[in-house]
Each structure stands twice: as structure tokens, then as C-alpha cells.
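The stops below run from one residue's surroundings out to the whole chain.

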Amino acid sequence: MKTPAPRPSRRSLLAAGSAAAAAPVLASAPAHAKAAGPRVPDAPDEFDELDIAELRRRMAAGRLDAVRLTRHYLERIERVDPLLRSVIEVNPDALREARKLDAERRPRGPLHGMPVLLKDLFETADRMHTTAGSYALEGMRVRADSAVAARLRAAGAVILGKTNLSEWAGGMSLTHHAGWSARGGQTANPYKLDRSPNESSSGTGAAVAANLCVAGIGTETNGSILDPSSANCLVGVKPTVGLVGRGGMIPGVPSQDSAGPMARTVRDAAVMLGTLVGVDPRDPATEASRGHYHRDYTRFLDPDGLRGARIGVPRDVYFGYSHHADEIAEEAIDALRAAGATVVDPAGIPTAGELEDLPGQVVVQVHEFKREINAYLAGAAGDHPRSLAELIEFNREHADRELQYVRQDGLETVHRLEYGEDEYREALAVNHRLSRAEGIDAVLRRHRLDALVMPTSGPPAKIDLIRGDSYGGGSSTPAALAGYPAVSVPAGFAFGLPVGLTFMGTAWSEPTLLRLAYAYERATAVRRPPEFRAPDVGL
């Protein structure tokens, strides 16, 4: 959550404010990390980089079961995650859940027995906490699973634990502290340990990249699935708002919030997405998804899926902020042409400049977040702050833990600002008009495009808990404001640091975006596992 600035930064929940520079500092670690010293993997583990299909094949052949796979990931978290601090908490009942799944005679589907990690915004009706990274909610227990957790359990997934995040989804401070929370400490990037894991789904990104689970779930208001996927060499799917139910998810900005998969391959992301979709009685936005969602997105995947596709390149705003990202994107565009796509270049989003500076971003995000977080805190069970005002006071009273590195000027600004209902509705309508009919839809219609493509973000910056991370630019804003889908897929490396490519489309175009991303992934094979490199002078 960030407050108004002359040029708002999309990095925070409120998309305002800016960030600073660099130098790694690590804060307090989660309980599991304190039990073991860090160990850089000296050789690939048995299940590293294996996809869901191969793991299921081994299970079907009797060479693997859910207990063994779950135990493997729990042990790997214990060995490797002290380097990363990506897992804020492990599920104490994970092995018990795995045993129950192994006892079932028939698999429930492709996720049966697959251990997954959830961002610490999703309620789980078990012995784990749901805290948004804050000590204020530690100890809170819930009576029901979130819609996401319930769908995963119904599909036979093992919920392995919760991942760290930027506290309150990045809304704590006006400066950018990606992957830091008071409860979880600072998450590091597994490709280079002094680099940012990028954005609030940073723990999920680092954990999936480091092979600490089969796949994970993140959330996005503006960039928080796409950017950590880019920085951690992953596939990230930011769905259309309303495709995945958000009941039981700690809220942010409902007109923009999405929950979606983060995985090492497009196919795994497609499997995960098909599990998550559907109408959620606790999330009215999902009513619009009737007739648009699919239980099996893998059926849209085609290695020749780029042939005949028309893809536009919006260069204004979304190129030029990082020459490293530009170079990688140019190679990606050549690969799209080589795979049979017609590339329309340039194909600018007519409102691109307006969207980045739109005052209505602040109005909508302040109004929605204040309303939603007050309602959530007031209704959640347990002994904890009951309002945003009480949360701010709690942080002041526990400043030694909550405010050790970051201020809470983001929360304080949201609390202070007031926008009326008419002003909010007008701002939301303008945001939607400029990002939808006059933005993404306009360029797609004008050039008869299947999708737009642009670099997701630049190479991850250095971590700096004292001054905040630097941030150079990215491409998530149009889809964020429109509530439209986008998929980031690995595109290349700059000095060993990952950079992703984003495919962006209109509402409910996930099948098309996944088809294009899959064909691109197959044509380029960019993904490689992290090396956990120590800090150096470098980039």
C-alpha cells in the first residue's frame, strides 16, 4: 500500500511512492529456519525440476508416494530454506495428510499427493497461522479453509506450508521492501542471495524456484505474481479478476486482486489453474466467470501454438527502463517470429502513459483497502487488532519487531486519506475505461491481436532493508487496472539474474495466453535451476 506521489510506483498495493538502492541485510527468521544452519545444495536432489506429470507417473508405477515426496520437501526446506527464508511456516500435519492420500484407492486428479505452498494470505483450517507476515495476527485460527486451500485439498494436494511475503502485501511502507515481513524476515533470491525476490509473492517465487515444493500459489494486486516469477525464473499466471475465488484470503484491493499459480513449467501452472477456478460463494466477482473457466487448461497447450498467432509489442512505457530486459525481450521477439507468429511491432497501448500516472489508482486502492481490511479485522476470530487504527497502534507498541527496518507510513497514509463513495466509483470507472476499452482491448482490436508481449521487469535489484529496494520498471499495470490476465514465462538471464517475458490479453483469455506461453517455453527452454550464488560486486 503506498500513498500519492507525482509518479506512483506500481510496486506497492497502493501503487504510489518510490524505492531506493542496495545492500543485503537479513531480519529475523521463521521458526523452522532457526533449527538448522544454511546449506547450499552441492548436487541436484532426486526430485529437482521434475514436473507434476512425471511425479504422477512415478506414483502410478508404485515408485513414489505422497509421504515420501512430502518428507523430501520438508527435509529440503530444513536444509536449504535458511538461506532463503521463503517458507514462513511448515504444516505440522503435512505428513499425516500425505498418509491419508496414499491410503485412498484412486487418485483424485493430477495434483493427488503433490506438496504445494501457499502465500501467507490464505486461511487454512489447520494448525498453521494466517498472518500476512504480521505479528499482529500470529496465533489467529480460522474455522474454514480459504477457497484456494479448499480446492487444493479437494484435488488431493498436500498443503506443505505458508510462504513469506512483503508484509501486508507490500502495504506497510512507502519504500519498497520486497519479501520482508516482521514474522518471516527477508526472503532472498535463490539465483543470487543478495538480490530481491521481487514483490509480495516473493516467498512463493523463491520456494518454487528452489525446488522446495511442486508448485505454489501467489496473489497479485499489481505485479506481485508476475514480477517474482520473472525474478525467480518461473511461470506465473495472474488470472482475470473473478476467475479464482478469494474467499478466505486476506484482502487488499478487490477490483484488482487475483490469486494464481507459480510453477516451474507452463504445464504445471495450467494444471494448478484448472484446480483453482470456479464460482466461490464468498467472492461475488466469481459469478462473472460462469461459462469462462475451464477445469483442464492443459488441453489448450500446443507446442506449435505460436504458428499463425498475432502478437503485438507495446514499446511505449514497457520498454526502455532496463537495457538488459530490452535485449532479452528482443531475442524473445525473434523466437516468436521463428516459431511462426506474426509480430506487430510496435503495437502501443493508446493509454499507456496515462495508466502509469493515473490519480484514480490511489483513490481506488486507498478506498478499497481501508474498507476491506477494516471489515476483515473486525470479523476475524481471536485476540488481535480489530481495525486499521488498532493495527497501526499495535505496530507502534511492538516497534522493536514490526518497525525494525520499515516504517508503517503506508498504513498510516491509508488510514489518514478519505475518499467519498462517488469519488471512488468515478475513479474506478476511469481506471477501467482507460485500461480496458481504450487500453488493452483497443490495441488488440485495432491490430487483430491474440496477445501483447513485453518484458515482465528488469533483473532483480539488490536487497536494501535500510533504504528500500530499487525498482526500475515493469509491465503489469495495464492488466492490473483492467483486471485482465497475464502470464510471465522465463525469457533469459542478465549476469545470471532471471528476466521474464509477459503475455497479456483481454478478459478470460487464459487459454490463449497459456497456449502462447507454452509454445514459447518449448521453443526456447530458458528455465534453469538456481545456483544460490553468494553476493559479489556484479551487476
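Contact here means heavy atoms within 4.5 Å. The model is predicted.

**Stop 1: Asn211**

Select Asn211. Find it in the loop between helix H6 (202-209) and S6. Asn211 touches Phe47, Asp48, Glu49, Tyr73, Arg76, Arg264 and Arg527. Is Asn211 buried or exposed? Asn211 is buried, with a relative accessible area of 2%.

**Stop 2: helix H5**

Select residues 147-154, which form helix H5. Colour Ala147, Val148, Ala149, Leu152 and Arg153: these residues of H5 are buried. What covers them? The cover includes helix H4 (94-103) and helix H8 (266-276). It also includes strands S2 (115-119), S3 (158-163), S6 (215-220) and S8 (258-263). Step past the end of the helix to Gly156. This glycine follows H5 and has a positive phi, near 95°.

**Stop 3**

In soluble globular proteins, nonpolar side chains tend to be buried together.

Centre on Phe503. Set aside its neighbours within four places in sequence, then list its contacts. Among them are Ile311, Leu336, Leu452 and Val453. Pro485, Ala486, Val487 and Val489 are in contact with Phe503 too.

**Stop 4: charged pairs**

Switch to Asp, Glu, Lys and Arg side chains. How many salt bridges does a search of the whole structure find? It finds 32. Side chains of opposite charge can pair when their charged atoms come close.

Go to Asp194 and Arg195. Their side chains meet in a salt bridge, at 4.0 Å from N to O. Asp194 counts as buried because its relative accessibility is 2%, under the 20% limit. Arg195 is buried as well, at 4%.

Next, select Glu330 and Arg315. Their side chains form a salt bridge at 2.8 Å, N to O. Glu330 lies in helix H9 (residues 323-338), while Arg315 is in the loop between strand S9 (310-312) and H9. The pair therefore ties together parts that are 15 residues apart in sequence. Glu330 counts as partly exposed, at 31% relative accessibility. Arg315 is partly exposed too, at 26%.

Stay on H9 and pick Asp334 and Arg337. Here the salt bridge spans 3.5 Å, N to O. Being three residues apart in helix H9, Asp334 and Arg337 are separated by about one helical turn. An α-helix has 3.6 residues a turn, so residues three or four places apart point the same way. Asp334 is partly exposed, at 48% relative accessibility. Arg337 is partly exposed, at 39%.

Now select Asp45, Asp48, Arg76 and Arg79. Salt bridges that share partners join these four into one network.

**Stop 5: cysteines**

Select the cysteine sulfurs. How many disulfides does a search of the whole structure find? It finds zero. Look at Cys213: the nearest cysteine sulfur, that of Cys233, is 15 Å away. Cys213 is buried, at 0% relative accessibility. Cys233 is buried, at 1%.

**Stop 6: the whole chain**

Zoom out and show the cartoon. The protein chain comes to 17 helices and 13 strands. Its C-alpha trace spans about 55 × 55 × 50 Å along the principal axes. Of the 539 residues in the chain, 66% are buried.

Take the contacts in the chain with a separation of 6 or more: residues 24 or more positions apart account for 78% of them. Finish with the surface. The accessible surface of the chain is about 18,200 Å², and 50% of it belongs to carbon and sulfur atoms.

Methods:
Residues numbered from 1 in each chain as written. Predicted model: local features only at pLDDT ≥ 70, side-chain atom pairs only at ≥ 80, totals over all residues. Heavy atoms only, no water. Buried < 20%, exposed > 50% of the residue type's maximum accessible area, 1.4 Å probe, protein only. Helix = DSSP H or I, 4+ residues; strand = E, 2+ residues; numbered from the N terminus. Disulfide = S-S within 2.5 Å. Areas by Shrake-Rupley, 256 points an atom, 1.4 Å probe, with all protein chains shown as cover.
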